[in-house]
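This report examines a strand arrangement and a set of aromatic contacts. Please consult the sequence and the model displayed below while reading.

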Amino acid sequence: MRATASVVVLLAALLLLPTQALAQQVGEIEIAGSVEHGADAASFDPTQARVTLNVLEGITLVSQDSTQPDESGMFSFSITAAEGRTYFFSVEYQGASYSAVRGASELGAPVVITVFDATNDTSVLAVQSHTVIVTGAVPEDGFVEILERVIVRNDSNLTLTPDLNAEGPAMLSFLRFALPPGAYNLDVRSNITGGQVLEVDRGFAINSPVPPTVPGLPHQFEFVYRLDYDEPTIDLSRTMRFGAESVRFVVPVDVATPSSARLTDLGATDLNGRLLRLLEGQDIAPAEVLPLGVSGLPGESALDAALESAGEWYVRYIVPAVVGLAAAALLLLSFRRRRAVAMGGATKEQLLAEARTLRDAYDRHNISTAAYEGRWRVIRDALVRADVRARLAEAGEEGHTRD
């Protein structure tokens, strides 16, 4: 009899499961939660906070509701649950926003949102690590691209809340990062939600509140930008406003050579088949100037310069100068009796095609630098001669017409 009763209970439970699941998907349910203070719970008045629930389906806002917690911090919402929806809870407290996210399958667990008192004092922040990476150079366009990764901790029981009314030098309550002069195409990403990126003197600031760090989950910032250069060296030195427990400076060996009087050169290491040179240092003090620089940046090759200017600058200035110097001597010689030279009979179009093929082989590392430069000199001289021949031929035809 007991066995039969157990089977009946089990069957009943199995029969009820699909109905309950369906009710969770399309029925009205109650979501309970609480707002708690992360430090000073005794003086915290949760009724001063307000909880908002945004229900999203993809990126579409399905509904929005808000409520005030009771004196114990408890709150609840009645919602229609559905698969594929996201439930975003947020609390505004002392100028900062705190949030929690639940999926449709997680609505059974209580929602706990922890808030902290606010401060405008940036001394609560500490930079755990700061990495500067020169990702590459484009000598044809004269710029380098730089990626920086910064890990920031807030080990206090306070949330850094910027004074949004401050402007200019008064923006001391903002999390700020220095950039080299002339930086452009800035793109900033972070695991802190909300806020804006603001341009400030010598860099940028983020007006997002920075809450205390969850153990094992520091705040991360990543930003990439470009710098133009017309010399083989660039100064990347900057003032480290918050200092840094560790700094790394990484530059590919085939791009440039890094240098810093403050960091130790650890040599080159292979990463996925590419040699990277690493400089590292520790205990950078707040407001310390960190010297960083690169040298040996690639310049635009002679071939690229000639190809770009062949239709304008090259023909307008170089060729007329050569023609002026050589015309008197060349006019004394007969074209039919002239000694053949390497590629002397090639047309300008053929020479330019040969130059492009040569550059492609060099970029693919199929020929050495010495071979590339030697062959390019031959093509360059042939280009000059081709233009000279064309101009002298035109001059001869005009003279023959006049005769």
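The text below treats the sheet and then the aromatic pairs.

The model is predicted. Within it, four strands form an open sheet in the order β3-β2-β5-β6, with antiparallel pairing. At the edges of this sheet lie β3 and β6 (96-103), each of which pairs on one side only. From one strand to the next, the twist averages 20 degrees.

| Strand pair | Bridges | Sense |
|---|---|---|
| β2 and β3 | seven bridges | antiparallel |
| β2 and β5 | eight bridges | antiparallel |
| β5 and β6 | eight bridges | antiparallel |

Strand β2 covers residues 50-57 and strand β5 residues 85-93, while strand β3 comprises residues 60-67. Thr52 stands opposite Ser90 in β5, and in β3 the bridge partner of Thr52 is Ser66. Further along the sheet order, Phe88 has Val101 of β6 as its bridge partner.

**Aromatic pairs**

How many aromatic pairs does the structure hold? The count is 10 aromatic pairs. One of them joins Phe44 and Tyr93 in an edge-to-face arrangement, with 5.4 Å from centre to centre and 90 degrees between the planes. Because Phe44 lies in the loop between β1 (28-37) and β2, whereas Tyr93 belongs to strand β5, the pair ties together parts that are 49 residues apart in sequence.

Are the two residues of this pair buried or exposed? Phe44 has a relative accessibility of 12% and therefore counts as buried. Tyr93 is likewise buried, since its relative accessible area is 10%. The cut-off behind both assignments is a relative accessible area under 20%.

Another pair is formed by Phe223 and Tyr225, whose rings are stacked, with 6.5 Å from centre to centre and 20 degrees between the planes. Both Phe223 and Tyr225 are buried. These residues also belong to a cluster in which ring pairs link Phe177, Phe204, Phe221, Phe223 and Tyr225.

**Summary**

Terms used:
Residues are numbered from 1 along each chain as its sequence is written. This is a predicted model: local features need pLDDT of at least 70, side-chain atom pairs count only at pLDDT 80 or more; totals for chains, interfaces and linings use all residues. Side-chain values use heavy atoms; hydrogens and water are left out. Two strands pair if DSSP finds at least two bridges between them. Helices (H or I, at least four residues) and strands (E, at least two) are DSSP runs, numbered from the N terminus. Axes are lines fitted to C-alpha atoms, for helices over the stretch in contact, and angles run from 0 to 180 degrees between N-to-C directions. Rings of Phe, Tyr and Trp (its six-membered ring) pair if their centres lie within 6.5 Å; planes under 30 degrees apart count as stacked, over 60 as edge-to-face and the rest as tilted. Buried means under 20% relative accessible area, exposed over 50%, partly exposed in between (1.4 Å probe, protein chains only).
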